[in-house]
Amino acid sequence: MSVKQTSASEGNVEGPHGEETLICQFIHMTNSQGSTWFGGNPFTYTVPLLLAQISLIFFVTSLIWLFLRPCKQGMISAQLIGGVIMGRSCLGQIKAYSDMIFPSEGRHVLETSADLGFILYLFILGVHTDLNLVKKVERYAVVIGVSCFMVPLATGMGAIVMVTRTMELDPLTKQCLPLVASLTSISSFPVITSLLTDLKILNSEIGRIATLTALVSDICNYAISLVFGGVVVYLMSKQFTMIISIISSIFFLLVILFILRPLVACVANRVPEGDQMKQSQFVVVAVLVLVCGLGSEVLGQPAGLGTFILGIALQNDGSMLATKMETFSIGVLVPAKFVISGLIVDVSSIQSISGSAYGILLLICYTSKFLVVFILSLYYKFSIRDATVFSLIMCCKGAIEAALYITLFEDGVIGHEAYSILLLSMLMMTGIARPLIAHLYDPSSRYLGICKNSIMLNQPHDELRILLCIHDTDNIPTIITVLDAMHGSRPITLFALGLMELKGRGAAVLEQTTDTTSNQAAKALNSLSDRNAGRLVVRHFTSISPYASMHVDVCTLAADQATNIVILPFHKQFTINGGLGLNSPQVRTVNQNVMSKSPCSVAILIDRGQFIRPNSPTFHICLLFLGGMDDCEALALCTSFINNQNVTLTFIWIRPWDHAKHGDLNMEIEMVNQFKAKTAGNKRVTYAEELVRDAIDTTKVIGSVKDYNCNLCVVGRYHDTKSEILAGINDWSECPELGIIGDMMATPDFQFSLLVVQQQQQLPDYATLQPIASGYISSSRYSDCKDDFDSFHRV
């Protein structure tokens, strides 16, 4: 006769909030130690069961997210849904599965591990919370932020009075209704920023507004909860210990600010810039974070509150630590927290009458929240579409709300029915809102609908407006040489945009930089501006955003400043001897997004180091011209160099040998003729015409560019692949964003730098031409476009 082996025994006892389950754990049932081979069940031991639970949670939630991801759902929703499916509402009905994977005695260790992960997760959220945003809050954010919390709360309380007078409700439901109203009114700042990051709109116009509004709403929520919660507890207890608890909490806050924070900052500051934190340093700081959580628990507050406050106090000093913690805590332990939240959901606990009361209250709260944000957004001149998107964003829930629900349920503050309805309504509301937001709002629509700017649209003597994107300082010497070569033709306004990945903070940044004393790239560009006083003006901007949406800042600034061209660094770097160096796929993604959505022309710079050779005091540029609008834009750019006495230019026109039979575009012929007329007698400009029969001849001509000993080669991106002289060349293309010719010349076979130019808008062939000096399009076309940019900038 076999005896079933268990790791614990359980029974029902009377607890502080009613009947509860008491579990007696056997201390020797920790590791299975090979008992499987002797007829034992490894799932009756604590460690194998915990490993099985975490593994199952990971695979199930990942599979669910794989199906939900196309619907723009977040990982938190997948984890909660996974918990509901694995919990008592679905698979938990199968007793064999429930007893083996999620027995009562196995839940305690899993919940403890999940709580530890959530404590670290709250610390990470605290580090990402930038309180400096409070300084940037404007009046509209305060009005909408306060209203989107207070109005749903007030209407919810009014609805509770109506519901309790018209429906027969049990005492527990009456007690839970006010809490349901207050929980529904919350718009958590970490949740909103996580949502915006997932949807890649964090650094969009709506994303920045929603970030500030959520911050105000969260501060309002915390302030009201602290005041009313303290008053209620004091009135209920009538004890002096409440005052002692408040004083102790204030003292603990001072300890965090003036003892723990300096200790963590001291460890973080010992890490050299660009280096990784040592293991010993990480362990010391992690232990201090846990000590902070312990102190919070001792004082009667949630452990996560202490770590969250420590994270807020650290901000930038804790970003490196937060990044190191994210992989394990968010990837392994935190999913267990939200799966447990879903496991507790029991659809069968929802009753008809009380469930209807909760449903009416939730409908009124969500509706009033949506309407108040929508109406106020219209008042502040939002479009109807943007107001709708903004309202949906503020109605979304996430990790913080789910953690609040389970905490209140475990403390006996809300019942099983209220908890299940809150979690299910949160999944429903967020599940509907996220795909609607993604469908209704496209940040690029703000600048895609306006007239595209370019160098060809510029007038001959107008200033050339260039947006330079900077990821690091490696490309600055090359950029300075190119800009220096342009002086003498016309004024140049350079907008230098420093691009940095968003790490260790929750809100994106796009702002003009005034203090450039510590920025080496800015100092070098300012020095160039001083040398070319009156001809070159430099303005500095900083963008801190995720790589996935970094192009939004680039395109927005290009549209706001009506730039003619954006210059992007190539995602590959080259060593001094011409070999390939670092490769950044994230930078490549940014480049591809900018090229597809930019409101003006775009150029990618492949930098191969210093230009000026020891025995060559001049700067030699080579222009490859095969025809097409991109090559015309490249020609327009090169005309900026011809007035510089230290610059020589070689114009190479590659044409089919029978071009007279096929004919060329009128604009191409006119531009080349104007170029010849403009540079006639200029010994620094050389013109060469190469006639080719097929792609092999074209490849030979391109290879011969090395014989010109140029410092920089300029070429257009797009060329007709159906042309006989290019047929088959694109079969081995590695970087399509460079085009056929640019991709060939980006290989290590060529030692000069390369500038690949793309004009964002195809212009009609019949456009009237201007004398060649950079402006080719008629003044009427330019005025129309410029008026479009000016009106955009005023908006």
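Is Lys572 buried or exposed? With a relative accessible area of 12%, Lys572 is buried; the word covers anything under 20% relative accessible area, while exposed means over 50% and partly exposed is what lies in between (1.4 Å probe, protein chains only). The model looked at here is a predicted one, where local features need pLDDT of at least 70 and side-chain atom pairs count only at pLDDT 80 or more, though totals for chains, interfaces and linings use all residues. Residues are numbered from 1 along each chain as its sequence is written, and side-chain values use heavy atoms, with hydrogens and water left out.

First, a word on confidence. The score used is pLDDT, the predictor's confidence in each residue, from 0 to 100. Averaged over the protein, pLDDT comes to 82, and 83% of the residues score at least 70. Confidence is highest in helix α14 (residues 384-394), at 95, and lowest in helix α27 (residues 779-794), at a mean of 37. Helices here are DSSP runs of H or I with at least four residues, strands are runs of E with at least two, and both are numbered from the N terminus. Over residues 762-795 pLDDT stays under 50, and the model has 81 contacts beyond four places in sequence for that stretch; a contact means heavy atoms within 4.5 Å. Where pLDDT is low, the predicted coordinates should not be read in detail.

Now for the sheet. Eleven strands make up an open sheet with mixed pairing, in the order β5-β6-β4-β3-β7-β10-β15-β14-β11-β12-β13. At its edges sit β5 (509-512) and β13 (685-692), each pairing on one side only. From one strand to the next, the twist averages 20°. Two strands count as paired if DSSP finds at least two bridges between them. Take β6 (536-545): eight of its ten residues are buried, so this strand is mostly covered. β6 runs parallel to β4, joined by ten bridges, and Leu499 stands opposite Ser543 in β6. With β5, on the other hand, β6 pairs in the antiparallel sense over four bridges, and here Gln512 stands opposite Phe541. Elsewhere in the sheet, β11 (residues 619-625) and β14 (residues 712-716) pair in the parallel sense, again over four bridges, with Val714 in β14 as the bridge partner of Leu623.

Helix α20 (residues 550-560) lies across β3, β4, β5, β6 and β7, and runs at about 165° to β4. Helix α21 (residues 585-597) lies across β7, β10 and β15, at about 165° to β7. For these angles, axes are lines fitted to C-alpha atoms, for helices over the stretch in contact, and the angles run from 0 to 180 degrees between N-to-C directions.

What about charged pairs? Side chains of opposite charge can pair when their charged atoms come close. A salt bridge here is a side-chain nitrogen of Lys or Arg within 4 Å of a carboxyl oxygen of Asp or Glu, and a search of the whole structure finds nine of them. One is between Glu734 and Lys572, at 2.7 Å, N to O. Glu734 lies in the loop between β14 and α26 (739-745) and Lys572 in strand β8 (residues 572-574), so the pair ties together parts 162 residues apart in sequence. Glu734 is exposed at 52% relative accessibility, whereas Lys572, as said, is buried. Another salt bridge is formed by Arg655 and Glu689 at 3.3 Å, N to O. This pair links distant parts of the chain, with Arg655 in strand β12 (residues 647-656) and Glu689 in strand β13, 34 residues apart. Arg655 is buried at 8%, and Glu689 is partly exposed at 34%.

Arg107 and Glu111 form a salt bridge, the closest N and O atoms being 3.3 Å apart. Both lie in helix α4, four residues apart, about one turn of the helix. Arg107 counts as buried at 19% relative accessibility, while Glu111 is partly exposed at 21%. Leaving out residues up to four places away in sequence, Arg107 touches Ile340 and Ile344.

Finally, the cysteines. The structure holds zero disulfides, a disulfide being a pair of cysteine sulfur atoms within 2.5 Å. The closest cysteine sulfur to that of Cys710 is in Cys622, 5.0 Å away, which is too far for a bond. Cys710 is buried, with a relative accessible area of 2%, and Cys365 is buried at 0%.
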